[in-house]
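Subject: Structure handover

Hello,

Here is the structure you asked for. Please open it alongside this email; my notes follow below.

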Amino acid sequence: MQSDTIAALSSGALPSGVAVVRVSGPEARGVMEAVAGSVAPDRRASLRRLRDAAGGTIDRGIAIFFGGPETVTGEDIAEFHVHGGRAVVAALLEAVTARAGVRLAEAGEFTRRAFENGRIDLTEAEGLADLIAAETEGQRRAAVAQAGGALRAIYEGWMTRLTEIRARLEASFDFADEGDVGADIGSDARSAVGALVAAMRAHLARADQGEILRSGYKVAIVGAPNAGKSSLLNALVDREVAIVTEVPGTTRDVIEATLNIGGIPVRFSDTAGIRETADQVEAIGIERARAVMEAADLVLALVDPHSSGHGPLARITDILSHVKHPMMLAADAAMEDIAKGTSKGRRKILTIRTKIDRPAPKGIGAMFGGEWTNFRFDFSVSAKTGQGLPDLVARIGELARDAAGGVEAGIPLRTRQRELIADTVRILEGFLEAEDAPAEIGAETLRRASNRLGALTGQVGVEDLLDVIFSEFCIGK
């Protein structure tokens with residue numbers, strides 16, 4: 001398929017003011033001659049009458065020819081800029097593909113050719129896919145850095161260091177009788193590998209930041225039935241995404257909505273009210289709520305003082321007792337922290353009193369020994385009037401930005417990247433632990449590590465992943 005010439009609409013959806021049709025491959029020059037009359041001067045825009053196979057005029061537009069291999073795909077490219085009507089583009093594509101050896105491109109095929117022709121590496125290709133999908137400023141900046149080669153520079157630097165270590169180690173048994181090959185090469189190799197492992201671990205430590213930038217900062221909205229969870233979600237996103245009724249247990253499944261807060265995607269999950277229930281469907285929803293809490297970066301624990309039950313601390317304790325949140329303190333310390341109304345430490349819980357637009361029930365403070373009066377919620381809000389919501393959103397934004405660590409170049413954004421780096425670290429740690437292993441075994445271990453590193457940039461062992469990766473692109477990219 002690499003020998004085919006491919007063509008596609010490479011601009012936005014039609015109709016549009018201008019449409020760009022791109023042709024890449026060995027027949028690009030012939031297509032330019034057939035459609036535009038002659039090949040335009042290399043990399044210079046030329047106004048032409050564009051013709052179909054019968055010589056009829058399709059449109060008057062701009063023709064540009066880019067001679068390979070110094071092009072985005074590494075091949076000859078012909079571009080036609082025409083008016084963005086559906087009929088115009090359809091006629092132009094029909095004229096282009098009428099030439100033998102020219103066909104319509106598949107999704108991501110232009111970028112895949114750029115990769116296969118060495119114009120970009122796999123991390124840059126993934127960065128382009130993330131750039132196209134970016135919805136927030138943080139996502140855009142991170143994707144631009146990756147598409148520009150930020151990760152490639154890091155990983156190729158690691159590969160260079162590992163190659164040098166391998167070369168010196170292999171020299172110790174290939175040329176052991178040479179005077180310039182030191183006897184302590186094994187010790188030097190382990191020292192160098194140790195430094196490389198430290199750099200990789202530091203890189204992996206930032207992987208959670210990349211996951212947040214790419215997939216979003218996960219916020220779980222939890223509480224008892226009718227605590228105001230769905231109302232809060234609707235108020236935060238300013239539209240009705242969740243059904244709100246006075247009937248307890250209305251929410252049976254997890255409902256998600258994403259907000260762009262300070263350039264970070266924040267993914268809110270409205271969950272089923274947590275309580276004991278004999279309803280099988282509601283029980284499934286509650287189990288999913290627990291799973292969402294487990295995976296969340298932040299838990300919003302909602303309490304409605306108007307509902308029957310225990311005091312605020314007891315209600316929050318009951319909610320959180322259903323899950324061992326990975327970013328909490330120990331349970332007792334977490335409860336003590338909550339009782340004090342503080343937000344310090346590793347705790348990622350915000351306690352929220354809801355429905356403050358309604359007057360508090362009479363005698364509620366005395367009923368719980370003054371607990372409602374003395375308890376310090378992190379926030380008190382009204383989904384109905386909006387009171388307290390700006391401060392809550394601002395705090396969530398601060399936590400999201402802290403978790404994302406700022407948008408810096410060189411953050412691993414994808415699970416594939418993180419897993420390959422972790423694999424490489426494990427292999428190199430095996431090398432460090434096997435101090436008494438022969439040099440030949442050590443060299444083989446380093447070769448395996450090189451193969452995992454090579455898969456990061458696409459140098460080795462990624463053929464089975466290419467269809468998956470490039471299918472993320474739209475046709476024409």
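What percentage of the 477 residues of the chain count as buried? The answer is 46%, where buried means under 20% relative accessible area, exposed over 50% and partly exposed in between (1.4 Å probe, protein chains only).

Before the details, two notes on the source. This is a predicted model, in which local features need pLDDT of at least 70, side-chain atom pairs count only at pLDDT 80 or more, and totals for chains, interfaces and linings use all residues. Residues are numbered from 1 along each chain as its sequence is written, and side-chain values use heavy atoms, with hydrogens and water left out.

Overall make-up

The chain has 18 helices and 12 strands. These are DSSP runs (helices H or I, at least four residues; strands E, at least two), numbered from the N terminus. Take the contacts in the chain with a separation of 6 or more: 68% are between residues 24 or more positions apart. Contact means heavy atoms within 4.5 Å.

First sheet

Six strands make an open sheet in the order E3-E4-E5-E2-E1-E6, and the pairing is mixed. Two strands pair if DSSP finds at least two bridges between them. Strand E3 (46–51) and strand E6 (102–104) are the edge strands, each pairing on one side only. On average, neighbouring strands of this sheet are turned by 30° against each other, direction ignored. Angles run from 0 to 180 degrees between N-to-C directions, and axes are lines fitted to C-alpha atoms, for helices over the stretch in contact.

Now the pairings. Strand E1 (residues 5–9) and strand E2 (residues 16–24) run antiparallel, joined by four bridges. A hairpin of six residues links E1 to E2. Ala8 has Arg22 in E2 as its bridge partner. Arg22 also stands opposite Glu79 in E5. E2 pairs with strand E5 (residues 77–84) over eight bridges, in the antiparallel sense. Strand E4 (residues 57–66) pairs with E5 over five bridges, also antiparallel. There, Ile64 stands opposite Glu79.

Helix H1 (residues 28–36) touches E1, E2, E3, E4, E5 and E6, and its direction makes about 80° with that of E3. Helix H2 (residues 86–97) touches E1, E2, E3, E4, E5 and E6, and its direction makes about 155° with that of E5.

Another open sheet has six strands in the order E8-E9-E7-E10-E11-E12, with mixed pairing. Strand E8 (255–261) and strand E12 (379–380) each have a single partner strand, so one side of each lacks a neighbour in the sheet. Strand E7 (residues 217–223) and strand E9 (residues 264–270) run parallel, with five bridges. Val219 has Phe268 in E9 as its bridge partner. Helix H8 (residues 207–215) packs on the sheet and touches E7 and E9; its direction makes about 75° with that of E9.

Helix pair and a buried arginine

Helix H4 (residues 122–133) and helix H5 (residues 137–147) pack at about 155°, with axes 7 Å apart. H4 and H5 are therefore roughly antiparallel (under 35 degrees is roughly parallel, over 145 roughly antiparallel, 65 to 115 roughly perpendicular, the rest oblique). Residues in the contact include Leu128 and Leu131 of H4 and Val144 of H5.

Arg113 lies in helix H3 (residues 109–116). Why does Arg113 count as buried? Its relative accessibility is 1%. Arg113 and Val72 are 41 residues apart in sequence and 8.8 Å apart in space, C-alpha to C-alpha.

Best wishes
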